[in-house]
Amino acid sequence: MRLSELLHEPVFDADARPIGRVHDVRLVQDGPLQGLAGAAFRVDALVVGRAGLGTRLGFHRHDMRGPWPLKLLFERLARKAHYVEWKDVAAWDDGRVSLRVRVDDLARLPDSP
Amino acid sequence: MRRVLLGLLACGIGASACVPHPVGPARTYGKYEGKAVTTAESALSTVETVRLAAGTASKDHAFGPYLSELVSDMEESASGVQGTFESIQPPDERADQLRDDLDQLLSDVVDHIAAVRVAVRRGRILDLDQAAQDLDEDSQKLNDFAEEHKR
Amino acid sequence: MKKVFEVFLGILTAIGGFVDIGDLVANSETGARFRMNLAWVVVVGVVGIVLYAEMSGRVAAVSKRAVFDLVRERLGPGVGLANLIASFFINFLTMTAEIAGVAIAVSLVVSVSYIYLLPVAGFFVWFVIWRIPFGAMEKLFGLLGLALLMFVVTVWKLGPDWNSVLHAVSHPHIPTDETPFTYAYYGIALFGAAMTPYEVFFFSSGAVEEKWSAKDLMVERANVFIGFPLGGLLSLSIMLGATLVFAPRHIEVGQLSQVALPTAFVVGKLGLAALLLGIFAATFGAALETALSAGYTVAQYFGWQWGKHVRPDDSPRFHLVIIMSVLAGVLFAISGVDPVKVTEYSIVLSAAALPLTYFPILVIANDPDYVGEHVNGRFTNFLGFVYLVILVLVAVATIPLMIITKGGA
Amino acid sequence: MAEGRALYVGLKLLDRQLVDRDDKACGKVDDLELEFSADSGNLYVSAILAGPGILAYRMRRRRWGRWWQRVNEVMSPTDGDPARIPMSLVAGIDDHVTLGTQGGHLGSMSLDHWVREHVTSHIPGSGHEAE
């Protein structure tokens, strides 16, 4: 399967409430050795919600300081994002991602990956 | 993808805008008169350019190829202006009169600029002075016409 | 000493390279129609291009990444592609206008209709990119472009009353026979002529290819901070010449041949010859830059090998894009479009499209991941944001103004 | 197992430049292939996908994408999916992705070969640098 099929998928929590779409995927390089580049990248978490442009532009990071009006705008967008750990994903099929937790139990987007 | 389509649409509009298009219709005398004034002003611009070019030539300040290209450009512009004006439908009889007046003036302008072009191509500065004198009159007439019909 | 010479040469080529067909047409037209009432726009445009070029040069030198590489990475493939199509099309219009400018400049000397010269001009533009050592050509055309300083000589010979010129520049008003819409439309044209995006595509791609590093930022800034404002003064002298010679005679500028008339009138044959050489060099240099930019933008988006120093065998797709663009540009020009109209639309649409490339550059110039310690300072960011607002307003206003004024008629 | 390097894929991997062993640009990271590991059940990145068909597919132009892929497979000199670059060939990931192989055979380069063979090599001087 392809990463692009996971991106933009709608996400539903344990009560089948829609919480947004997958906007980015956090990878951690701690899998089995794969070759020249070292360990394999594991899908570790999903960024869900309206964070798309904000994270894409990097405004959620504290070392991105300016221009402050843009920072303010995109930070606000980023704060609306949910952070879903892959272990909380119950299923990914039929064009949807279902979670085993409820939306209130989800974390906010951390500052750095 | 919608953005891409919008982009393509904008490109299309941009490209079609680069091609000269005729002026829209004039439904009232007032509208027609407005277009006549714009036409006279455009023609005046070409006449004045050629007069300035003739002045430059008589001071021996420019070489032949440049002058001849410049004057042909103006000749083309003037006849283009005339063609566009003729393509506008006059709305009533009063407009017919206006059309005849200005059209005559525009024909003179094109003829006189052509005379300057011929003189420049043959390198005859004396003829150029004569033709340029005709343009002095055209300039005055166009000016008067624009002033009279401006509101 | 070598460094000083390099900086000096860079500044000279930046002056000659600043003015292209867009500046020639826009400044002559507005001078003739609006006198010096739009001069302030040139100043705003020059500050904008200085800001924009400095940021993109810094980003390119430190991160070794050119504009469209970054556009796709930061905006994603969808918005990036829409951006590519718009930028490519506008760059294509500009390139067509520059090639036509080359042909017209030659036609004014040899007295052959420019239509017949278009294929020759297009061929030479392509040939230089294909075969000729480019660095030398770039410097040569930049220096020959300095012949445009004849516009300054023209103004000096006309000897205007400088106090009243200064007063006119600093107290702008909308002329009585113009509407606020035409005033705004021509303002946007002037702004787009000063802030042409291809200069930035070319500049940043050149910086990556010449392997600039943070150390070269000094030279880059000298070129931008000194060369561009001097180029802006040159633009203003074109406008002032038109104001003094054309406006009192009610002459409207509709042909490139008219642009040289004030110089011929007051300076004479030698001045005219120098000026036509300058116009030829400036448009030919800009034709090279826009043709290369066509290749740069597409290749950087798709990740193809690109560069003016790379063998065509190693970058076939990049060269194919350039060949096809130049060919299409020549055919488009031959089809009978008015070169001056093409120029007008290219600069107005350039202004409208500016936020597309300016915004990502502004963001990346703040990102320590790309530029490390060389992020924008507070002052640059303040100006950068003010300009972002200006550019967005211009972009929103352009198409409605184009429709209301029927293309500035 | 120690916590390895972490990154947001949209920010640090997708759309990045691919560079081969010889420092030649050979496409972008247009998409990634994911695979569930049989023993741990984790989802791992198994390959980088690069090529116009892949990009079209990612941009929801699935029919175009499949068509392009088929053309690519026909044009490709090697067997298998030419757009697929297994992670084992990746030598390094920083602001671009470096491959430990030559890029010539990649699916993202097939159009490059075609253009060289049919267009640019027929124009005199294509083998010379401009300087």
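Predicted model: local features only at pLDDT ≥ 70, side-chain atom pairs only at ≥ 80, totals over all residues.
Chain A and chain B, by contrast, are joined by no contact. The closest C-alpha atoms of chain A and chain B lie 15 Å apart.

The interface of chain D with chain A may be considered next. Here 38 residues of chain D are in contact with 38 residues of chain A. Between them the two chains bury about 3400 Å², and carbon and sulfur atoms give 61% of this area. Within chain D, the residues that lose the most area to chain A are Tyr8(D), Leu34(D) and Leu43(D), which together account for 22% of what that side buries. As for polar interactions, the count of salt bridges between chain D and chain A is 0, while 13 residue pairs across this interface are in polar contact. Several elements of chain D each supply at least two residues of the side that touches chain A, namely strand 1 (6-8), helix 1, strand 4 (31-36), strand 5 (43-49), helix 2 and strand 7 (90-93). Sorted by class, this side of chain D has 23 nonpolar, 7 polar and 8 charged residues.

Strand pairing also links these two chains. Strand 2 of chain A, residues 18-35, pairs with strand 1 of chain D in the antiparallel sense, over 3 bridges. One position can be followed in the structure: Leu27(A) has Leu7(D), in strand 1 of chain D, as its bridge partner.

Chain D meets chain C as well. In this interface, 35 residues of chain D are in contact with 37 residues of chain C. The two chains bury about 2900 Å² between them, with 51% of that area on carbon and sulfur atoms. Between chain D and chain C the count is 6 salt bridges. One salt bridge is formed by Asp69(C) with Lys28(D), where the closest N and O atoms are 2.6 Å apart. On the chain D side that touches chain C, at least two residues come from each of helix 1, strand 3 (25-28), helix 2 (52-58) and helix 4 (110-118). By class, this side of chain D comprises 13 nonpolar, 9 polar and 13 charged residues.

Asp15(D) lies in a loop of chain D, between helix 1 (9-12) and strand 2 (17-19). Is Asp15(D) buried or exposed? Asp15(D) counts as buried because its relative accessible area is 0%, and the cut-off for this class is under 20%. The side chain of Asp15(D) makes a polar contact of 2.8 Å with the side chain of Arg72(C). Another polar contact, of 3.0 Å, joins the side chain of Asp15(D) to that of Arg58(D). When neighbours within four places in sequence are left aside, the residues in contact with Asp15(D) include Arg56(A) from chain A, Glu73(C), Gly76(C) and Pro77(C) from chain C, and Lys28(D) and Val29(D) from chain D.

Attention may now turn to strand pairing inside chain A.

Ala16(A) has a phi near 65°, a positive value in a residue other than glycine. Ala16(A) is situated in the loop between strand 1 (10-12) and strand 2 of chain A. Because its relative accessibility is 47%, Ala16(A) counts as partly exposed. Lys406(C), likewise not a glycine, has a positive phi of about 50°. Lys406(C) is placed in the segment after helix 18 (378-404) of chain C. Its relative accessibility is 64%, and Lys406(C) therefore counts as exposed.

Conventions
Residues numbered from 1 in each chain as written. Chains lettered and ligands numbered in written order. Heavy atoms only, no water. Helix = DSSP H or I, 4+ residues; strand = E, 2+ residues; numbered from the N terminus. Buried < 20%, exposed > 50% of the residue type's maximum accessible area, 1.4 Å probe, protein only. Polar contact = N/O pair within 3.5 Å; in protein donor to acceptor, adjacent residues only side chain to side chain. Contact = heavy atoms within 4.5 Å. Buried area = accessible area lost by both parts, 1.4 Å probe. Salt bridge = Lys/Arg side-chain N within 4 Å of Asp/Glu carboxyl O. Nonpolar A, V, L, I, M, F, W, Y, C, P; charged D, E, K, R; others polar. Pairing = 2+ DSSP bridges.
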